[in-house]
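Subject: Structure handover

Hello,

Here is the structure you will be working with. Please open it alongside this note.

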Amino acid sequence: MKTFDELLNKKDESGNFILSELSYANYALEPLISERTLNFHYGKHLQAYISKVNELKKDFPADVTIEDLIKASGDNKALFNNASQVYNHYFYFEQFDLKGEHKPTGRIAKLIDERFGNFDAFKKELVDAGLKVFGSGWVYLSESSDGKLIMESFSGAGTPLDKKPLLTLDVWEHAYYLDTQNDRKKYIENFLEAVDWNIIEKRLNG
Ligand code: MN
């Protein structure tokens, strides 16, 4: 099992980032997220962001990481957007397992209850936040440095590297249009059924 950093920063001999193999089959999230969506979303969209980062990272040292590029992008908005999208997509795809635990347990359950009241209230807040993003973007659940959960939205790209990211919801249309078309709410409900909270708990404790 590769670590998240290894997946995120996989490179060829010439120092270019290359798409890591998905850690499950493209059909493994059926029927919640279709094989067709995975083929395009992982195989085409994520690949395109990686290719763009390779074009834009020429002035950086060969051992640069995606996190370095996000942090050092400065005024280079294209570099920020594409590096952030690479991070977000790996982070998104590595949180699903239909055979996993579909409700929080352990420390994450306690933090969810503290911050949101209970898991149902959390789910409602995530659905609302996802519906509220105008156009394309992300909703992240993270742990702040003082140990509290934060839910925040990003328009377009954006990655909360100032916190410990725990879970992310992609609300770009390409994440769901093949499966639920204009019904973003149904997609978010399906998403919530596919998340493996054992993975979120590991991220929290990692
Ligand atoms: Mn996406």
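**The metal site**

His 89 is buried, with a relative accessible area of 0%. Buried means under 20% relative accessible area, exposed over 50%, and partly exposed in between (1.4 Å probe, protein chains only). This is a predicted model: local features need pLDDT of at least 70, side-chain atom pairs count only at pLDDT 80 or more, and totals for chains, interfaces and linings use all residues. Residues are numbered from 1 along each chain as its sequence is written, and side-chain values use heavy atoms, with hydrogens and water left out.

The manganese ion is coordinated by His 41 (NE2), His 89 (NE2), Asp 170 (OD) and His 174 (NE2), at 2.0 to 2.1 Å. Donors here are N, O and S atoms within 2.8 Å of the metal (3.2 Å for Na, K and Ca); water is not among the atoms, so sites may look incomplete. Along the sequence, the donor residues follow the spacing H-x47-H-x80-D-x3-H. His 89 sits in helix H4 (residues 77-93) and Asp 170 in strand E3 (residues 164-170), so the pair ties together parts 81 residues apart in sequence. Helices (H or I, at least four residues) and strands (E, at least two) are DSSP runs, numbered from the N terminus. Asp 170 is buried too, at 0% relative accessibility.

**Domains and core**

The chain divides into domain 1 (4-19 + 34-94) and domain 2 (106-205). Those bounds come from an automatic or database domain assignment. The C-alpha centres of the two domains lie 21 Å apart. Their contact takes 20 residues from domain 1 and 21 residues from domain 2. Contact means heavy atoms within 4.5 Å.

The largest nonpolar core has 60 residues, and Phe 122 and Phe 191 touch the most other members. Such a core is a set of buried Ala, Val, Leu, Ile, Met, Phe, Trp, Tyr and Cys residues joined through side-chain atoms within 4.5 Å. Helix H4 gives the most to this core, with nine residues. Both domain 1 and domain 2 give residues to the core, so it lies between them. In soluble globular proteins, nonpolar side chains tend to be buried together.

What does Phe 122 contact, leaving aside its neighbours within four places in sequence? The partners are Ile 112, Phe 116, Leu 141, Met 151, Leu 192 and Trp 197.

**Aromatic rings**

The structure holds 19 aromatic pairs. Rings of Phe, Tyr and Trp (its six-membered ring) pair if their centres lie within 6.5 Å; planes under 30 degrees apart count as stacked, over 60 as edge-to-face and the rest as tilted.

Phe 119 and Phe 122 are a stacked pair, 6.0 Å centre to centre with 10° between the planes. Both lie in helix H6 (residues 119-132), three residues apart, about one turn of the helix. Phe 119 and Phe 122 are both buried.

Phe 119 also pairs with Trp 197: the ring centres are 5.5 Å apart and the planes at 85°, so this pair is edge-to-face. Phe 119 lies in helix H6 and Trp 197 in helix H9 (residues 197-205), so the pair ties together parts 78 residues apart in sequence. Trp 197 is buried, as is Phe 119.

Ring pairs also link a cluster of Tyr 42, Tyr 90, Tyr 92, Phe 93, Phe 96, Trp 138, Tyr 176, Tyr 187 and Phe 191.

Two arginines sit over rings. Arg 203 lies over the face of Phe 91, 3.6 Å from the ring centre. Arg 115 lies over the face of Phe 116, at 4.3 Å. The test is NZ of Lys or CZ of Arg within 6 Å of the ring centre and within 35 degrees of the ring normal.

**Loops and backbone**

Lys 148 lies in the loop between strand E1 (137-143) and strand E2 (149-155). Lys 148 is exposed, at 52% relative accessible area. Leaving aside neighbours within four places in sequence, Lys 148 contacts Ser 142 and Glu 143.

Two backbone features to check by eye. The peptide bond from Glu 30 to Pro 31 is cis, with omega near 0°. Pro 31 is in the loop between helix H1 (4-8) and helix H2 (35-56). Gln 181 has a positive phi, near 50°, in a residue other than glycine. Gln 181 is in the loop between helix H7 (177-180) and helix H8 (184-194), and is partly exposed at 36%.

Best wishes
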